[in-house]
Amino acid sequence: MAEKMGIVLRNQGRIDPLKIEEYIAAGGYKSLDKAREMGQIAVIEEIKKSGLRGRGGAGFNTGLKMSYSYSIKTAEKYVICNADEGEPGTYKDRVILESVPQKVIEGIAISAFAIGAKKGYIYCRGEYPRVAGLLNQAIVQAKEKGVLGDFDLEVRLGAGAYVVGEESALIESIAGRRGEPRFKPPFPPLVGLYSAPTIVNNVETLANLPEILEFGANWFAGIGAKSYPGTKVLSLTGDVVNRICIEVPTDVTIREVIDEFGGGIAGGKRFKAVQIGGASGAFLPEALLDTAIDFDSLRNARAALGSGAFFVMDESRDIVDVVTQIAKFFEHESCGKCNPCREGTFRSRRIMSKINQGLASTEDIKKIRRLGHVMKRASLCGCGQAAPIPILTALEHFYREFALKLITS
Amino acid sequence: MVALTINGLELHVPEGTTILEACRMNGIDIPTFCHDEDLKINGSCRMCVVACQGRPLLLASCCTPAENGMVIETESDEVVEARRVILELLLSRHILKCNTCDANGKCRLQDYCYRYGVAESSFNDGGAPHYPISDANPYINRDYEKCIMCTRCVRACEEITVARAIGIKDRGNHAKIFAAFDDNLESSPCVFCGQCVMVCPVGALSSKVSAAYKGKLSDLDISILATDCFQLFFPFQKLPRYTYQSVLTTCTYCGVGCTLQLNIKNNRVVGVDSNRDENWSPVNKGALCVKGRFGWDFINSPNRLTTPLIKEGGALRPASWDEALELVANRLAQIKERHGPDAFAMLSSTRISNEEAYLAQKFTRGVMGTNNIDQFSLLGHPLAADGLEAAFGISAMTNTIAELENDAKCIFVMNSDTTEEHPVIGMKIKKNVVHNGARLVVADPHRTDLAKLADVHLQHKPGTETALINGMMHVIIQEGLADSQFIDTCTEGYAVFIETLAVYTPEVVAKITGVPVADIVTAARLYAQAEAGSICFGRGFATGNLGDDYGRLLCNLAMLTGNIGRPGTGVNPLAKENNTQGAADMGGVPNSYPGYQAVTDSDMRRKFEKSWGVELPAENGLTLTEAINKAHLGDLKAVIIFGENPTIGDLDRHHVIEALNKLDFLVVQNTFLSETAQFADVVLPAACFAEKEGTFTNTERRVQRIRKAIDPPGQAKADWQIICSLSSRMGFPMSYASTEEIFEEMRTLTPYYAGITYPRLEGKGLFWPCPSMEHPGTPYLHRDGKFSRGLGQFSVVR
């Protein structure tokens, strides 16, 4: 029996998120003090050693990212907490921020200390005004307590663009420009906000830092999957009994997540599919449910853990219809900068609608596959690269459902 | 160096080279839409993707640096497939109107579809959002149905012109290029320079002036080779007669000297284009302003003068050249005989070519025997520039236009609405300020476009320039910001000069000028502390009351801070007209021969007498103002006015009209029957710039060619031909076969131009002084503070 585990959400419900005193009483901000004693290089080495990888979706080694920014000697550097949680079905950052905001702030401060940044931003999703308010209060409290030293932190609100969750688009947005992704390289740790070295980390990633410094890299590295150690906060949606946010070690399987933490399929129905990682995630069938949820195991199954969203569909769901809705989402959210994504998401949606309405032929399936393969490889940013994945994986695992809707000549 | 393999070739390229650059260096062609060498990389069209071994994604070659060990394929199956899909996606939004499209044959979308065999789009199931063509501006046409969203236009607006008039609105498939609030361009900061049209890779943006099926871009440079091939494959087919061509020449609207390309079809100018090759378009690299790009239709105007006109019974009637020239020759000879040579004056133009300006003064001095030659548009400019001659030894811009964009760290602009008067210089200043972080100080009673961008705007009361500059120099000395080493080693007259500054405290100056003390201090510091400070000044309000003091003042400021003789520094009077500099260089002034050689200097006079074979007058002639006054008194009897319209343009037009009415004989030479021409006894029809050969000298002393594109209308002739005919009729034969022959004669007499020849001017032109055939020309003067006159002269200006 798999068990849930609290690292990020350790004190969830036990401390009042709006009372910094309770966070400090529970040992909060000791890790920041410890970091200052250890020095920048030691902190970065410790985090590298822990094997912590980014929890936003790309899975990059957090300590390594820090070392890039650290290595550039310049007075102006930034840390940014990416709280632009726009991936449909994902709500774990909201839960983390609402229950342990000071832990995230401490994580940001540790990260800032490690690379030598004096200024940080929390880029909060515009649809989370409550979270933004709470964060502002938490920052005021932290400043009043003096725990942040000379580090300044500011909350910025997004304005509803999905693609701004992409780190370079987020940086553009903070700088006051159109939220469009930049081409890379150069990567933000070297050339980021206002062209200065900038670390952008997900809320969950940052919330792991105080724990790693408190209990040590070895402790952390021993938890969960070897190549993706620690825990992952998952958000469960769809046809499961428990639509909850849960933190588990990274070596649990998809089946365990659905059956044990999610309580199985609601209403006694049969499982049909699960989409992991949000709207851009892959559709997986029953046969792949014994895959572990860590980054590499899922990648081997040609899926991605992404943000850790699990959208479960029971036997009554129409996969083609679901994929059509997702295609609509990407059409709406493409920023329009690069050709494959701007035109591709638009044409994908039109073809999917045609299929869904029963007006399409196998020619259309060929077309959308052809389009998807190019979008995946030629788009400028992760948005365009991932947009065809639900379509392509649904076609791979659930082709029968598509076939049923095609015009038979 | 980085070693990588592209298409099986092992290549070595410098660190930091992109894959695209590496390919182009090695002759591998990569298709691109959004990439433009003069604009920031966008990486958005994805046409340039290539495959790299071991990388899961295709790499956009325009924005991916070459790395050691990369193994790249640029035309592999998957790469070609990606490009085909991208082309099909673009075709699904680009409505094919090729039949009537100006870009047909010169359209990248068309070229690449051809290259990859994309005949139609398999994704075109309709539904693409299209927007009506509703912008009623007179210049730029934007057809959204052809737009491929490469955003080059937006970047050109931001990075070349720095007008920032257009941007991107909405997102995804609804994203479109727009002016603020989705309003018309006319209500945006657009200056209609048309740089957006220049960079558009398809036909989405086009010129309204040259459009309307007058001639497609592709027709204009059809090569002989292509027609030969055509003949080879279809020997029995009758070839269409291609009479299209394009001619590079120099714009005539202001002193910047932009190169523009005239597109010609059947002996008519049908459009203006940019040549973006720096080797052929050295000043502007293709960038133009609204006047240059869209203001050429006057060439084809039906109101052009096509025949000489003679006044008879109060009205002008057409006449033959013979009749008109005979009349002019006889009357001028009569008046000279009866009233002496000084009863004649030549009021020349700063718009005619160097060769014509040279002949105008040669005619005046050699044939009429007087030094009464001056130019209308020179009012103000030569006086200010004379200040430079007094202080430094040469009366011209000390530095080049390009330095204002690349080298100057602080630019002090005085009394010049640069973005209006010299738009392309304005663009370069803006670019330096916005994109390179140069500081900008503007002193102008107007709130000009540049003033809005300035670190400090000194909005002085008109006529208080002296106090303002002296106040700034007071601050510089008080704060120890003067460059004493430069002053000691390179200048003279400092001790006397500095004493006069004591009274100009910022408080006193603030009272006189109306500029706050803090601003005077800030401006002084910004300029004096800059690594390279450049002064640009226009005529502004100073025309009337400051004269050469204006130039001296600013020279004092530059010498005080050592801002002279290095790139990005200097004192730069911006010449108003296209050949203001050249007209003065050519001796179109009452006191000097070509090359500023004084008419009162007997050695100089002997040199010219020997060359021209005629005795020359030794006294300075009348300036323009003196000539008008003398005419008013009835002492001046005959005047030739070249290409100018003083009854409209002069400061006191009624005075001019009265003066012209008192003349015995007035000849006006012009392209149109101007208001002034109505007063003439004889009107001679002149060719415009597109109809003749020659050279102009722009404000930065760069001598450039103008080239004949079409024949003049009717019987109109180039000004130089008219002067030659007239001179010959008056017994002083001038028989030049070409303008080049005139230039050759001029350069042997003019040391500054001695090393300049037509062949040497091909391409980038040359900066004078250029004393010998081996000399490369002089971009900036007074190198390292070694002034032409020896030491820089501080002068007292109160």
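The model is predicted. Across the interface, 32 residues of chain A are in contact with 40 residues of chain B. The two chains bury about 3100 Å² between them.

**Interface between chain A and chain B**

- Of the area of about 3100 Å² that chain A and chain B bury between them, 50% is on carbon and sulfur atoms.
- Seven salt bridges are counted between chain A and chain B.
- A:Arg377 forms a salt bridge through its side chain with the side chain of B:Glu78, with an N to O distance of 2.1 Å.
- Residue pairs in polar contact between chain A and chain B number 24, counting pairs with both residues at pLDDT 80 or more.
- On the side of chain A that touches chain B, the elements giving two or more residues are helix 13 (319-333), helix 14 (339-356) and helix 15 (362-378) of chain A.
- Helix 14 of chain A gives the most to that side, with nine residues.
- Sorted by class, the side of chain A that touches chain B has 12 nonpolar, 12 charged and eight polar residues.

**Five-stranded sheet of chain B**

- Five strands of chain B form an open sheet in the order 2-1-5-3-4, and the pairing is mixed.
- Strand 2 (9-13) and strand 4 (59-60) of chain B are the edge strands, and each of them pairs on one side only.
- Within chain B, strand 3 (residues 49-52) pairs with strand 5 (residues 71-73) in the antiparallel sense, over two bridges.
- The residue opposite B:Ala51 is B:Glu73, in strand 5 of chain B.
- Helix 2 (residues 77-91) of chain B lies across strand 3 and strand 5 of chain B, and runs at about 155 degrees to strand 3 of chain B.

**Hairpin of chain B**

- Strand 11 (residues 259-265) and strand 12 (residues 268-273) of chain B are paired in the antiparallel sense over five bridges.
- B:Ile264 is placed opposite B:Val269, which belongs to strand 12 of chain B.
- Strand 11 and strand 12 of chain B make up a hairpin with two residues between them. In its turn, B:Asn266 has a positive phi of about 50 degrees.

**Three-stranded sheet of chain B**

- A further open sheet in chain B has three strands in the order 28-29-30, with antiparallel pairing.
- Strand 28 (694-697) and strand 30 (766-767) of chain B each have a single partner strand and stand at the edges, so one side of each is left without a neighbour in the sheet.
- Strand 28 and strand 29 (residues 702-706) of chain B run antiparallel and are joined by four bridges.
- B:Phe696 has B:Gln704, in strand 29 of chain B, as its bridge partner.
- Helix 10 (residues 354-367) of chain B lies across strand 28 and strand 29 of chain B, at about 90 degrees to strand 28 of chain B.

**Backbone features**

- A cis peptide bond runs from A:Pro185 to A:Pro186, with omega near 0 degrees. A:Pro186 is in the loop between helix 8 (167-174) and strand 4 (198-202) of chain A.
- The peptide bond that joins B:Trp768 and B:Pro769 is cis, with omega about 0 degrees. The loop that holds B:Pro769 is between strand 30 and strand 31 (792-793) of chain B.
- B:Asp170, a residue other than glycine, has a positive phi near 60 degrees. B:Asp170 is in the loop between strand 7 (166-169) and strand 8 (176-179) of chain B.

Methods: Residues are numbered from 1 along each chain as its sequence is written. Chains are lettered from A and ligands numbered from 1 in the order in which they are written. This is a predicted model: local features need pLDDT of at least 70, side-chain atom pairs count only at pLDDT 80 or more; totals for chains, interfaces and linings use all residues. Side-chain values use heavy atoms; hydrogens and water are left out. Contact means heavy atoms within 4.5 Å. Buried area is the accessible area (1.4 Å probe) that two parts lose on being put together, summed over both. A salt bridge is a side-chain nitrogen of Lys or Arg within 4 Å of a carboxyl oxygen of Asp or Glu. A polar contact is a pair of N or O atoms within 3.5 Å; within protein, one must be able to donate a hydrogen and the other to accept it, and residues adjacent in sequence count only if both atoms are side-chain atoms. Ala, Val, Leu, Ile, Met, Phe, Trp, Tyr, Cys and Pro count as nonpolar, Asp, Glu, Lys and Arg as charged, and the others, Gly among them, as polar. Two strands pair if DSSP finds at least two bridges between them. Axes are lines fitted to C-alpha atoms, for helices over the stretch in contact, and angles run from 0 to 180 degrees between N-to-C directions.
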